[in-house]
Amino acid sequence: MIRLDTTPVKTLLSKSKIAGFDYVINPYVGCPHKCIYCYAEYMRKFSGHSEEWGEFLDVKQCETPLKPAKLFRTNVMLSSVTDPYNAYEKEYGLTRKLLKQLVYCQAKVHILTKSALAVRDIDLFKQMYQCEVAFSFSSADDSFRQAAEPRASSVQDKINALKMLHEAGISTAVMVAPLFPGITDWKKIINFTKPYTNRYGFDSLNMRPAFQSKVLDFVEGHYPDALPLMGDIYIKQDTSYWTKLAQEITQYCHGQNLRADIYFGSFASYSGE
Ligand code: SF4
């Protein structure tokens, strides 16, 4: 049972430091999906929580509505340090309330989630000035998902949700992220999702020193064969793996006429469209 609380905030909108987005909205503090590699874990101390990451959730309460004059035709992302469709969203509906306001604001909305609950809001996505719903997959293998992202939707549920959104005419994306060296079978993810997505994004596993040992312990316990490669990359700092991988992805996607944006290292994005 996670610790649930409410937290009053003055605004839900943050200026974005992420390229391509003007604003970010994180409706919740914390994320019950509890991904083993989550870089947002710093929010735990930042928000004064002593519970483990994934074991608390603060529902933000804000009296001030979003301002159309400020958000008109801006790029707004949900979310960067939580999943807007965590399981508690079913009960609180905070993301849905915000999406209704964003329809009114005529913002360009970018959803990033690991949850099939996103299909609940197809009616609102259809009314948006512009909208993209992206699902992230770090593996096509559900046993990896169960071990590394224990409360996120299953691989099959995410694929079904992607299909539903695509068939409803919503622009969709598949984020192959984070790429776990020696573990993520990115070609398999592409094969499973190709008919239902408008584009792919690829990002590497970014291991901050604070949680490097946690992730390496996880790899050693579940995927010991991948450990030597990860040691080369993260301990010996050999970056040649990423250079070769970016080239391979670019070539593969180009061959299949798929749009692929690569976000890691110094690689320029490639667009096959
Ligand atoms: S879904 Fe995203 S924010 Fe939530 S725990 Fe996983 S990586 Fe972190």
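This note goes through the sheet, the salt bridges and a surface patch of a predicted model.

1. Eight strands form an open sheet in the order 2-3-6-7-8-9-10-11, and their pairing is mixed. Strand 2 (13-15) and strand 11 (260-262) are the edge strands; each has a single partner strand, so one side of each lacks a neighbour in the sheet. From one strand to the next the twist averages 25 degrees.

2. Strand 2 and strand 3 (residues 23-25) run antiparallel and are joined by three bridges. In one of these pairings, Leu13 has Ile25 of strand 3 as its bridge partner.

3. Helix 11 on the sheet. Helix 11 (residues 240-255) packs on the sheet and touches strand 9 (171-179), strand 10 (199-204) and strand 11. The direction of helix 11 makes about 170 degrees with that of strand 11.

4. Salt bridges in general. The model has 17 salt bridges.

5. Glu51 and Arg3. These two residues form a salt bridge in which the closest N and O atoms are 2.9 Å apart. The pair links distant parts of the chain, 48 residues apart: Arg3 belongs to strand 1 (residues 3-8), and Glu51 to the loop between helix 1 and strand 5 (56-61). Glu51 counts as buried because its relative accessibility is 17%, under the 20% cut-off. Arg3, with a relative accessible area of 43%, is partly exposed.

6. Glu52 and Lys34. A salt bridge also joins the side chains of Glu52 and Lys34, at 3.7 Å from N to O. Here the partners are 18 residues apart, with Glu52 in the loop between helix 1 and strand 5 and Lys34 in the loop between strand 4 and helix 1. Glu52 is exposed, at a relative accessible area of 53%, while Lys34 is partly exposed at 25% relative accessibility.

7. Asp261 and Arg259. The closest N and O atoms of this salt bridge are 3.2 Å apart. Asp261 counts as buried at 6% relative accessibility; Arg259 is partly exposed, with a relative accessible area of 28%.

8. A nonpolar patch. On the surface, Tyr39, Tyr42 and Phe46 form a nonpolar patch with about 370 Å² of accessible area together. Tyr39 lies in the loop between strand 4 (28-29) and helix 1 (42-46). Its relative accessibility is 39%, so Tyr39 counts as partly exposed.

Note on methods
Residues are numbered from 1 along each chain as its sequence is written. This is a predicted model: local features need pLDDT of at least 70, side-chain atom pairs count only at pLDDT 80 or more; totals for chains, interfaces and linings use all residues. Side-chain values use heavy atoms; hydrogens and water are left out. Patches are made of residues with over 30% relative accessible area and no salt bridge: like charges are joined within 9 Å, nonpolar side chains (Val, Leu, Ile, Met, Phe, Trp, Tyr) within 5 Å. Accessible areas come from the Shrake-Rupley method with a 1.4 Å probe; for residues, only the protein chains shown count as cover. A salt bridge is a side-chain nitrogen of Lys or Arg within 4 Å of a carboxyl oxygen of Asp or Glu. Helices (H or I, at least four residues) and strands (E, at least two) are DSSP runs, numbered from the N terminus. Buried means under 20% relative accessible area, exposed over 50%, partly exposed in between (1.4 Å probe, protein chains only). Two strands pair if DSSP finds at least two bridges between them. Axes are lines fitted to C-alpha atoms, for helices over the stretch in contact, and angles run from 0 to 180 degrees between N-to-C directions. Contact means heavy atoms within 4.5 Å.
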